[in-house]
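Subject: Structure for you to look at

Hello,

Here is the structure I said I would pass on.

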Amino acid sequence: MSSETGPTGGSIDTVESGRVDEGTEDGEVADADPATEDVADLPLAPYPPNLGHPKLHAFRQMRDPLEFTDRAAAVRDVYRVWLPGLGDVTNLAHPDQMKRVLLTERGDFRKSEDFGIAFGDGLLTVEGKEWAQQRKTLQPLFVRESVMGYADTMVDQVQRRVERWEGGQQLDLQGEMTDLTLDVLFDAILGRELRLDGDERIRRSAEALHDWFLPTSYPLPRWLPTPARRRFREGKRTLQAEADRLLAEAAEDPPSDPTEADDLIRLLVGLREAGVTDSGMLTDDRLRDQMVSIIFAGHDTTTTSLTFALWALAEHPDVRERFHEEVDALDGPPTAEDVEAGRLEFTDRIVTETLRLFPPVYALPRVADRDVAFDGYRVPEGERVGILIRRIQRDPRFFDDPDIFDPDRWTDEFRQELHDFAYAPFGGGPRICIGRQFALLEAKLSLATIGRNYELYYLGDEGYRGGPPLSPEMTLRMEEGQEFLVTER
Ligand code: HEM
């Protein structure tokens, strides 16, 4: 397994060839669990016995969600927590369980309504036939050939941004990487560069979608108008209005044939104009939701991955030295050919290991569509389950010294022997991230471009389990205000 060749239950080849893998044409899947009648007799999963009274768990989880999860999952792979706004949630901390939910028994689970609240009816959210149609429609933008074609645009955008950096400057990288990944996403996938004047509202509002999932707000009853929820609603409204504006701009000159469009905005506008009924995206609302989904999913996770990778380089001088040797040996700015020829092999392992320790999507929420059993415990129909990706990727049963940043653990032999769902930063099964090849290429090219010109030192605090301080929101981020010192090379 390698980050280029796809773990977790779906051969990348089938996905990347533009087919919807692992499901039938209409997105239906086979009924996989034969023992439903016995499930009704099973007990519910216990609350973690080592974390005090269950009614206090919500407060403990709000205060420190990662520590809470680690302590609970250290005792058993299946446990329940009760949260005032959500009721009981059964959390799953074993890769076998993740494989069942995402792949072998995926027909028994659906996405939770939180995705819909944040993203409407875009690809991240919709289910069944509509999902299959949308995925097939968008796939051409994300197949390997298209992705490799974005390489020069990516490097150009990264160079333009980092050439503003000056030696001696102190940077909060989270903000800087957000700007960088939005620049890359817009130029490569959306087909329109973000402008310095007029597009700032897009940058600011994309950030606000996180606020729905803030640990201090998310578990509270839904009717409570928390400040985070107000910020979320305002940000979402703004982003929707901006998406409408970009679509209206493009509608003035739509492509005559949508299959010819090689960027998202023209593809969407072309589908609507041509009335392509099996695209899953004909109404204005659907087009707008797709834009919001891709703008958020397409930059936020890569932002945090880059920030954590730069932290790891700053904090591990031996790794940094070998990384600099690799990128200095390139003939010039990094290219798609460098990646394909394996000239960024160590950089690839740095990215793989970063996504293991700090998976931006640190947990996946689902809802059981019928009574299901895990390790002899019942999850009743309609209850939420949470797949604890971050916890699984730091499980000592699968990774020696799991808290240590060690790119060298990713030997071919280790990859082959690893459980196929013990490393799943992009999810798994048919709903595996559509943008993973894009994200991996962007991460490697961005790191190499930065590394050829700069060396960064971390000035921030130390956080939980030896990493930087973390803030688990919709995605796992570095806490605000952790600065880096830039030095020129
Ligand atoms: C390091 C970067 C990234 C990470 C860690 C990541 C992670 C994930 C994960 C875990 C899922 C599965 C969600 C689920 O099963 O509920 C997912 C889905 C998705 N991702 Fe990514 N992602 C990344 C980058 C991107 C990029 C660059 C794009 C687009 C340009 C993108 C677009 C999407 C979309 C549209 C889906 C939904 C796919 C579907 O349901 O068919 N992601 N991503």
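Is Asp199 buried or exposed? Asp199 counts as buried, because its relative accessibility is 1% and the cut-off for buried is under 20%. Please keep in mind that this is a predicted model.

Asp199 sits in the loop that links α10 (173-190) to α11 (200-208). Its side chain makes a polar contact of 2.8 Å with the side chain of Arg245. Leaving out residues up to four places away in sequence, Asp199 touches Arg192, Glu193, Leu194 and Arg245.

Ala93 belongs to the loop between β2 (87-92) and α5 (95-104). Ala93 is buried, because its relative accessible area is 1%. Apart from neighbours within four places in sequence, its contacts are Ala73, Asp77, Leu388, Arg391, Ile392, Asp395 and Arg397. Ala93 and Ala363 are 270 residues apart along the chain, and 9.9 Å separates their C-alpha atoms.

Gln482 is in the loop between β11 (476-478) and β12 (483-488). With a relative accessibility of 5%, Gln482 counts as buried. A polar atom of its side chain lies 2.9 Å from the backbone nitrogen of Asp461, and the side chain also reaches the backbone oxygen of Glu480 at 3.4 Å. Not counting residues up to four places away in sequence, Gln482 touches Leu171, Asp172, Leu173, Tyr458, Gly460, Asp461 and Pro469.

Now the ligand. Which protein atom is the donor to its iron atom? The single donor from the protein is SG of Cys433, 2.3 Å away. Cys433 is located in the loop between α20 (412-417) and α21 (436-453).

The ligand is surrounded by 27 residues, of which Lys111, Trp131, Arg135, Arg366 and Cys433 are the closest. By class, this shell holds 17 nonpolar, six polar and four charged residues.

- Arg366: a polar side-chain atom lies 2.8 Å from a ligand oxygen.
- Arg431: an N or O atom of the side chain is 2.9 Å from a ligand oxygen.
- Leu123: a polar backbone atom is 3.3 Å from a ligand oxygen.

The elements that give two or more residues to the shell are α7 (128-138), α14 (284-297), α15 (300-315), β5 (364-368) and α21. The largest share, three residues, comes from α15.

Regards

Conventions. Residues numbered from 1 in each chain as written. Predicted model: local features only at pLDDT ≥ 70, side-chain atom pairs only at ≥ 80, totals over all residues. Heavy atoms only, no water. Helix = DSSP H or I, 4+ residues; strand = E, 2+ residues; numbered from the N terminus. Buried < 20%, exposed > 50% of the residue type's maximum accessible area, 1.4 Å probe, protein only. Polar contact = N/O pair within 3.5 Å; in protein donor to acceptor, adjacent residues only side chain to side chain. Contact = heavy atoms within 4.5 Å. Donors = N, O, S within 2.8 Å, 3.2 Å for Na, K, Ca; no water. Near = heavy atom within 4 Å. Nonpolar A, V, L, I, M, F, W, Y, C, P; charged D, E, K, R; others polar.
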